Amino acid sequence: MTSPKPKSIQTMKPETAAKKLGVLLAATPAEFQAGVVSRDELNELQATPPAWLADLRRNGPHPKQVVAAKLGISTSGLTRGGITEPLTTAEIDALKAENPAWLERERSIQAETRKEALRLKQR
């Protein structure tokens, strides 16, 4: 009889972990960027975020997926609007307050896209 194999530990690259955490890798601490992250470590970071993670999530800089979600547009719309760099929460809030024409247009495109997706789903 053979004994069961020990469970292997799942690990991921720091880039993947940062994406799953919704933060910009370049803004994370050096020790996070340098090592690998296990599934258990990722779960722990999500359950009880350390101060650096909570601060990044609150103030940024945020990756483009988070910026787009906070603005209510797609990442493609973000690019069409000329936003290619990560933004902080303050910059996102300023952009919302300014509400430029391209942002209004992209929000309406996003609303139409969602409406169409819902219509197709209901068929």
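Reader: How far apart are the mean positions of the positive and negative charges of the protein chain?

Author: They are 10 Å apart, for 19 positive and 14 negative charges. Lys and Arg count as positive and Asp and Glu as negative, while His and the chain ends are left out. Each charge is placed at NZ of Lys, CZ of Arg, CG of Asp or CD of Glu.

Reader: What should I know about the model before going on?

Author: It's a predicted model, where local features need pLDDT of at least 70 and side-chain atom pairs count only at pLDDT 80 or more, while totals for chains, interfaces and linings use all residues. Residues are numbered from 1 along each chain as its sequence is written, and side-chain values use heavy atoms, with hydrogens and water left out.

Reader: OK, the overall fold. Which elements does the protein chain have, from the N terminus on?

Author: Helices (H or I, at least four residues) and strands (E, at least two) are DSSP runs, numbered from the N terminus. Here the protein chain has 8 helices and 2 strands, in the order β-α-α-β-α-α-α-α-α-α.

Reader: What share of the contacts joins residues 24 or more positions apart?

Author: A contact means heavy atoms within 4.5 Å. Of the contacts with a separation of 6 or more, 56% come from residues 24 or more positions apart.

Reader: Give me a residue to look at. What does S38 touch, leaving aside residues up to four places away in sequence?

Author: S38 touches I9, Q10 and T11 once those neighbors are set aside. S38 is found in strand β2, residues 37-38, and counts as buried at 11% relative accessibility.

Reader: Back to charges. How many salt bridges are there?

Author: The general idea is that side chains of opposite charge can pair when their charged atoms come close. The rule is a side-chain nitrogen of Lys or Arg within 4 Å of a carboxyl oxygen of Asp or Glu. By that rule the count is 3.

Reader: Where do E106 and R80 sit?

Author: Their side chains meet in a salt bridge, at 2.8 Å from N to O. E106 lies in helix α8 (residues 101-122) and R80 in helix α6 (residues 75-80), so this pair ties together parts that are 26 residues apart in sequence. On accessibility, E106 is buried at 3%, whereas R80 is exposed at 52%.

Reader: Which residue pairs with K115?

Author: That's E112, with the closest N and O atoms 3.5 Å apart. K115 and E112 both lie in helix α8, 3 residues apart, about one turn of the helix. K115 is exposed at 55% relative accessibility, while E112 is partly exposed at 47%.

Reader: How far apart are K19 and Q65 in space?

Author: C-alpha to C-alpha, K19 and Q65 are 9.2 Å apart, though 46 residues separate them in sequence. K19 lies in helix α1 (residues 14-21) and is exposed, at 61% relative accessibility.

Reader: Now the backbone. What kind of peptide bond joins G60 and P61?

Author: A cis one, with omega about 10°. P61 lies in the loop between α4 (51-59) and α5 (64-71).

Reader: What is the phi of N99?

Author: N99 has a positive phi, about 45°, although it is not a glycine. You'll find N99 in the loop between α7 (89-98) and α8, partly exposed with a relative accessible area of 27%.

Definitions and conventions:
Buried means under 20% relative accessible area, exposed over 50%, partly exposed in between (1.4 Å probe, protein chains only).
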